[in-house]
Amino acid sequence: MSWLSRFSLAQRALIGLMSIIALAFGAIAIPQLKQQLLPCIELPVVSVLAPYQGASPDVVVEKQVVEPIEDSLEGVDGITQVTSTASEGNALIMVSFDYGNNTQQFDADAQQAVNRARVQLPDDVDPKVIAGAGEEGADGGTGAAGTGRRLTHRTDGRVPHLRGAGPGRILCPRQM
């Protein structure tokens with residue numbers, strides 16, 4: 001038997017008192033911890049959503065919507081990856097940037113690149129730039145829905161219900 005085991009068995013009252021003191025310090029310290037279950041993280045990602053009603057994904061959306069936006073985004077510094085998805089009547093371009101840099105600047109650069117590409121896009125296409133999630137995002141409470149309606153942050157913390165959409169909730173409320 002080790003010396004610690006022998007000491008603990010011989011001095012049960014002292015070990016019990018030390019345990020109670022440790023529990024008391026823990027009970028005092030836990031409420032003072034600043035920890036969130038889902039912390040707000042500023043992601044270096046920008047999404048470009050470009051709806052084009054009635055267009056086929058292979059030819060029209062890919063050639064007339066995705067390619068001009070991708071070409072315009074090539075001029076933005078710091079891009080690590082561009083992923084595009086063309087579906088019927090919709091184009092989604094996900095742009096990833098380097099971590100640790102100014103994400104607000106990247107959001108603005110991506111918005112400028114998309115604005116430059118607008119002259120090459122069909123008239124019916126109105127691309128929206130959605131900044132990465134986080135408190136410092138461009139809008140903080142903007143989401144995308146298939147109905148084309150914009151979800152905005154409400155002061156009471158509720159998210160409006162959209163027909164055909166699942167329930168929504170605000171994970172990173174913006175401090176006003």
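Biologist: Over how many bridges do strand β1 (residues 45–51) and β4 pair in the antiparallel sense?

Modeller: This is a predicted model, in which local features need pLDDT of at least 70, side-chain atom pairs count only at pLDDT 80 or more, and totals for chains, interfaces and linings use all residues. Residues are numbered from 1 along each chain as its sequence is written, and side-chain values use heavy atoms, with hydrogens and water left out. Strands (E, at least two residues) and helices (H or I, at least four) are DSSP runs numbered from the N terminus, and two strands pair if DSSP finds at least two bridges between them. Leu49 stands opposite Lys128 in β4, and the pairing of β1 with β4 extends over 4 bridges.

Biologist: In what order do the 4 strands form the open sheet?

Modeller: The edge strands are β2 (79–87) and β4 (128–131), each of which pairs on one side only. β3 pairs with β2 over 8 bridges and with β1 over 7 bridges. The pairing in the sheet is antiparallel, and the order is β2-β3-β1-β4.

Biologist: Which residue in the turn of the hairpin formed by β2 and β3 has a positive phi?

Modeller: Thr85 stands opposite Leu92 in β3. The hairpin has 2 residues between β2 and β3. The positive phi, about 80 degrees, belongs to Gly89.

Biologist: How many residues does the largest nonpolar core have?

Modeller: Such a core is a set of buried Ala, Val, Leu, Ile, Met, Phe, Trp, Tyr and Cys residues joined through side-chain atoms within 4.5 Å, where buried means under 20% relative accessible area with a 1.4 Å probe, protein chains only. β1, α3 (57–73), β3 (90–97) and α4 (103–117) each supply at least two residues of this core. Among the members that touch the most others are Val65, Ala91 and Phe97. The core has 22 residues.

Conventions:
Buried means under 20% relative accessible area, exposed over 50%, partly exposed in between (1.4 Å probe, protein chains only).
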